[in-house]
Amino acid sequence: MPSKQAGKWASFLGGANRVKPIQWQEPISFRNYFASQDPDRYKNFYPLLYTGLIVSILMMGVPLLRRSAADVDWAVSTAVAFGVGAMIVAVILFVAWINTKTSRFVVINPQGIFVKEMRGAAYVFTTWPWGQIDCCSFERMELGGLTYLVLSAHMADGAENYYGINIYESPRSVPVDDIQAAIRAHGCAVEWNC
């Protein structure tokens with residue numbers, strides 16, 4: 001006979017009715033379209049950019065404070081200081097470029113709809129619990145000249161969250177039937193509006 005503790009863990013983990021989490025990666029072009037509409041897109045980069053500029057200025061100021069060049073002459077000292085600052089800015093721009101090449105990961109799990117995405121230089125993890133989601137629907141959405149199959153979560157407060165599944169012109173093997181079954185298993189209605 002199982003103990004009380006084992007019973008608590010079984011109910012916490014979902015027991016025999018546990019639904020396997022479904023996950024997929026959004027098309028990069030879908031994420032980039034919405035990211036380009038966000039005015040705070042580069043907000044996380046500003047502190048890094050300011051740090052690079054401050055380090056560059058400080059490195060240029062060290063020889064001035066010492067009243068002698070850090071190397072043989074002032075030109076080399078200034079070039080080294082400028083080079084370090086330029087390298088920091090280059091790394092920041094490289095991170096910004098990488099950011100445009102990454103997509104969001106969407107997971108449907110017992111807690112709700114979970115999204116992991118890179119914003120600026122940081123990863124952001126967000127979960128929308130099932131209690132905040134009224135219903136979901138699959139829709140066609142045209143953005144930037146491409147047609148997407150999109151999962152739309154209609155929130156209790158009237159907002160809508162969109163999760164890109166596929167591009168109609170070049171479909172991938174995303175388990176749409178499994179997505180629909182997982183959403184229904186968590187007590188949320190799903191409609192097709194395509």
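Visitor: Which residues does Leu151 touch, not counting residues up to four places away in sequence?

Guide: Leu151 touches Trp24, Ile108, Cys136, Ser137, Phe138, Asn161, Tyr162, Tyr163, Ile165, Ile179 and Ile183. Contact here means heavy atoms within 4.5 Å. This is a predicted model, in which local features need pLDDT of at least 70, side-chain atom pairs count only at pLDDT 80 or more, and totals for chains, interfaces and linings use all residues. Residues are numbered from 1 along each chain as its sequence is written, and side-chain values use heavy atoms, with hydrogens and water left out.

Visitor: What makes a set of residues a nonpolar core?

Guide: The members must be buried Ala, Val, Leu, Ile, Met, Phe, Trp, Tyr or Cys residues, joined through side-chain atoms within 4.5 Å. The largest such core has 24 residues, of which Leu151 and Ile179 touch the most other members. Elements giving two or more residues to this core include strand S6 (146-155) and helix H5 (176-185); helices (H or I, at least four residues) and strands (E, at least two) are DSSP runs, numbered from the N terminus.

Visitor: Why are the buried residues of H5 said to lie on the same side?

Guide: Val176, Ile179, Gln180, Ala182 and Ile183 are buried in H5. They cover an arc of only 165° around the axis, so they are on the same side of H5. The arc is taken from the directions from the helix axis to the C-beta atoms.

Visitor: Why is Arg104 called buried?

Guide: Buried means under 20% relative accessible area, exposed over 50%, and partly exposed in between (1.4 Å probe, protein chains only). Arg104 has a relative accessible area of 12%, so Arg104 is buried. Glu117, at 8%, is therefore buried.

Visitor: Why is Tyr46 called partly exposed?

Guide: The relative accessibility of Tyr46 is 43%, so this residue counts as partly exposed. Tyr46 is found in helix H3 (residues 45-66).

Visitor: What makes the meeting of Glu26 and Arg104 a salt bridge?

Guide: A salt bridge is a side-chain nitrogen of Lys or Arg within 4 Å of a carboxyl oxygen of Asp or Glu. For Glu26 and Arg104 the N to O value is 2.8 Å. That pair links distant parts of the chain, 78 residues apart. Glu117 and Arg104 also meet in a salt bridge, at 3.9 Å, N to O.

Visitor: Which residues are linked in a network of salt bridges?

Guide: The network links Glu26, Arg104 and Glu117. Two salt bridges are found in a search of the whole structure.
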